Amino acid sequence: MRTLLNVIWLVLGGLWLAVAYALAGVVCCLLIVTIPFGIASFRIAAYALWPFGRTIVDRGGSPGLFATLGNVIWFVVAGIWIAVGHVVTAAAQAVTIVGIPLAIANIKMVPVSLMPLGKQIVPTAATWTTVGGRSVGAFGYEGR
């Protein structure tokens, strides 16, 4: 099912979003100071190309000063525009029944498009672990 959703996603908007992230990455890599933004943008471009079966989690701990400053700069320069692209694409995809899961995936990408530093893309199965006989998710809630 993930593969089918990923193929539909690729055709109905994922390719364009990945191209937008890749272009932002190229622009960010032009200056040495913004190379971390470019790397984050390329990582998110790969996620935007094939998102189902993977999720975005915080790296853990509080973000450092440079990550926080970087996220603020990213928000102003590129994040807001790419987030608008996600919302517009989600609105267009939500018009059809088939597009509703794609629209939800698009909306889930908005937070990472606004503040990408300090985030990590992991397989969906890797977000759950067993602690003391209970399943605990990456965000601290328990599953049964």
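Me: In this predicted model, is the crossing of H3 and H4 left-handed or right-handed?
Reply: The crossing of H3 and H4 is left-handed. In such a crossing the near helix is turned anticlockwise from the far one by less than a right angle.

Me: What makes H3 and H4 roughly antiparallel?
Reply: Their angle does. H3, residues 65–93, packs on H4 at about 165 degrees. The cut-off for roughly antiparallel is over 145 degrees. H3 and H4 are therefore roughly antiparallel to each other. Their axes are 8 Å apart.

Me: Which residues make the contact of H3 with H4?
Reply: H3 brings His86, Val87, Thr89, Ala90 and Gln93. H4 brings Ile100, Leu102, Ala103, Asn106 and Ile107.

Me: How do the residues of that contact of H3 with H4 divide into nonpolar, polar and charged?
Reply: Six are nonpolar, four are polar and none is charged.

Me: Which hand does the crossing of H1 and H4 have, left or right?
Reply: The crossing of H1 and H4 is right-handed.

Me: Which residues make the contact of H1 with H4?
Reply: From H1 come Leu5, Ile8, Trp9, Leu12 and Leu17. From H4 come Pro101, Leu102, Ala105 and Asn106. The contact of H1 with H4 holds eight nonpolar residues, one polar and no charged.

Me: How many cavities of 30 Å³ or more does a search of the whole structure find?
Reply: The search finds one. The largest cavity has a volume of about 30 Å³.

Me: What lines the largest cavity?
Reply: The lining is Arg43, Ile44, Ile56, Val112, Pro116, Lys119, Gln120 and Ile121. Helix H2 (35–49) and strand E2 (119–123) are the elements that give two or more residues. E2 supplies the largest share, three residues.

Me: How do you know which lining residues of the largest cavity are charged?
Reply: Arg and Lys both belong to the charged set, so Arg43 and Lys119 are the two charged residues. The rest of the lining divides into five nonpolar and one polar.

Me: What is the volume of the largest pocket, and which residues are closest to its centre?
Reply: The largest pocket has a volume of about 460 Å³. It has 20 lining residues, and Tyr47, Arg54, Thr55, Ile56 and Lys108 are the closest to its centre.

Me: Which element gives the most to the lining of the largest pocket?
Reply: E1 does, with five residues. H1 (2–28), E1 (54–58), H4 (100–108) and H5 (110–114) each supply at least two. By kind, the pocket lining divides into twelve nonpolar, three polar and five charged residues.

Me: Where is aspartate 58 found, and which residues does it touch?
Reply: Aspartate 58 is in strand E1. Leaving out residues up to four places away in sequence, aspartate 58 touches Gly118 and Lys119. Contact here means heavy atoms within 4.5 Å.

Me: How far apart are aspartate 58 and lysine 119 in sequence and in space?
Reply: They are 61 residues apart in sequence. In space, C-alpha to C-alpha, aspartate 58 and lysine 119 are 4.6 Å apart.

Methods. Residues are numbered from 1 along each chain as its sequence is written. This is a predicted model: local features need pLDDT of at least 70, side-chain atom pairs count only at pLDDT 80 or more; totals for chains, interfaces and linings use all residues. Side-chain values use heavy atoms; hydrogens and water are left out. On a 1 Å grid over the protein atoms alone, a cavity is a set of points where a 1.4 Å probe fits but cannot get out, and a pocket is an open set with protein on both sides within 12 Å along at least five of seven lines; lining residues have an atom within 4 Å of a point. Grid points are joined across faces, edges and corners, and a volume is the space filled by probe spheres set on the points. Helices (H or I, at least four residues) and strands (E, at least two) are DSSP runs, numbered from the N terminus. Axes are lines fitted to C-alpha atoms, for helices over the stretch in contact, and angles run from 0 to 180 degrees between N-to-C directions. Angles under 35 degrees count as roughly parallel, over 145 as roughly antiparallel, 65 to 115 as roughly perpendicular and the rest as oblique.
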